[in-house]
Amino acid sequence: MTLKTLSAKAAAALDKELMSTGAFSIDQLMELAGLSVSQAVFRVHPPSQGKRILVACGPGNNGGDGLVAARHLFHYGYMPSVYYPKQSSNELYQRLSKQLRDLEIPFVDDFLEAEKSSDHIVDAIFGFSFSGEVREPFPAVIKALEDTRRPVTSVDAPSSWSIESGPPASGPGSRFMPAFLISLTAPKPLVKHFQGRHFVGGRFVSPAIAKKYDLDIPEYQGLDQVAEVPCGSQKL
């Protein structure tokens, strides 16, 4: 049985609900999301398979999730580096960036060069609010993600994909199929086009909010912040 999906509009409404009646701050939600991402990476690519994790971050909340994940990955024993070309002036993102610099986690300027020396890539560029064209400097990055032989874990959506309809028909991202996807809170409609291993992270939604948004909550085990779930007709 597959989980019900959540449209981009419903996902935005759910975020607002979590920060109003749910009493969560954006800092908390980003911390929980980044923790989930880091656990998914640890599950599919333990340090014994290679410690060099390249985290590609966009300018919005998806990028913030990536910054948090990089910090957790460092404490798990990985050697993360961060590609963050459009760094936000927002205080929250500035604090997240400083936390990484205090750990001496490198920020790289050249994604294509950094990709060559990485063992695994985290795609935290665009999330559920993405629409329109992929703008500079990301077209070349998306193409590199399409062509890389390294495993890629995408956060909430493979970057450049439409939340509703999946990969674009042409252009950057039309051939992009990451090995792993972690959906935050709930899967989005694009998962019907995804062919890799799929995880859900969001072990903080109350039963009342889950009922209101008709969410299927996966069975999280023990201390896990992620649960592996099928995509489309895929069976585990």
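The following legends describe close-up views of a predicted model.

**View 1. The annotated binding site.** In the unreviewed UniProt entry, the annotation "binding site" covers N62, D123 and S159. These residues span 98 residues in sequence, yet no two of their C-alpha atoms are more than 9.9 Å apart, so they gather at one spot. Of these residues, N62 is included in the lining of the largest pocket.

**View 2. The surroundings of D123.** D123 is placed in strand β4, which comprises residues 120-124. With a relative accessible area of 0%, D123 is buried. Not counting residues up to four places away in sequence, D123 touches A56, N62, L145, V152, T153, S154, V155, A157, P158, S159 and F176. The side chain of D123 is joined to that of S154 by a polar contact of 2.7 Å.

**View 3. The surroundings of S159.** S159 is found in the loop between β5 (152-155) and β6 (180-184). S159 counts as buried, at 0% relative accessibility. Its contacts, leaving aside neighbours within four places in sequence, are D123, I125, F126, I142, S154 and F176. A polar contact of 2.5 Å links the side chain of S159 to the side chain of D123.

**View 4. The salt bridge between E17 and K212.** Side chains of opposite charge can pair when their charged atoms come close. The structure holds 15 salt bridges, and one of them joins the side chains of E17 and K212 at 2.8 Å, N to O. This pair links distant parts of the chain, with E17 in helix α1 (residues 8-18) and K212 in helix α7 (residues 207-212), 195 residues apart. E17 is buried because its relative accessible area is 12%, under 20%. K212, in contrast, counts as exposed at 57% relative accessibility.

**View 5. The salt bridge between R71 and E31.** The side chains of R71 and E31 form a salt bridge of 2.9 Å, N to O. R71 belongs to helix α3 (residues 61-75) and E31 to helix α2 (residues 26-44), so the pair ties together parts that are 40 residues apart in sequence. R71 is buried, with a relative accessible area of 14%, whereas E31 is partly exposed at 26%.

View 6. A salt bridge of 2.9 Å, N to O, brings together the side chains of E228 and R197. Because E228 lies in strand β8 (residues 226-229) and R197 in strand β7 (residues 197-201), the pair ties together parts that are 31 residues apart in sequence. E228 is partly exposed, with a relative accessible area of 25%, and R197 is partly exposed, with 33%. Elsewhere, a network of salt bridges links K143, E146, D147 and R175.

Notes:
Residues are numbered from 1 along each chain as its sequence is written. This is a predicted model: local features need pLDDT of at least 70, side-chain atom pairs count only at pLDDT 80 or more; totals for chains, interfaces and linings use all residues. Side-chain values use heavy atoms; hydrogens and water are left out. UniProt positions are given in the numbering used here, feature names are shortened, and annotations may be inferred rather than shown by experiment. On a 1 Å grid over the protein atoms alone, a cavity is a set of points where a 1.4 Å probe fits but cannot get out, and a pocket is an open set with protein on both sides within 12 Å along at least five of seven lines; lining residues have an atom within 4 Å of a point. Helices (H or I, at least four residues) and strands (E, at least two) are DSSP runs, numbered from the N terminus. Buried means under 20% relative accessible area, exposed over 50%, partly exposed in between (1.4 Å probe, protein chains only). Contact means heavy atoms within 4.5 Å. A polar contact is a pair of N or O atoms within 3.5 Å; within protein, one must be able to donate a hydrogen and the other to accept it, and residues adjacent in sequence count only if both atoms are side-chain atoms. A salt bridge is a side-chain nitrogen of Lys or Arg within 4 Å of a carboxyl oxygen of Asp or Glu.
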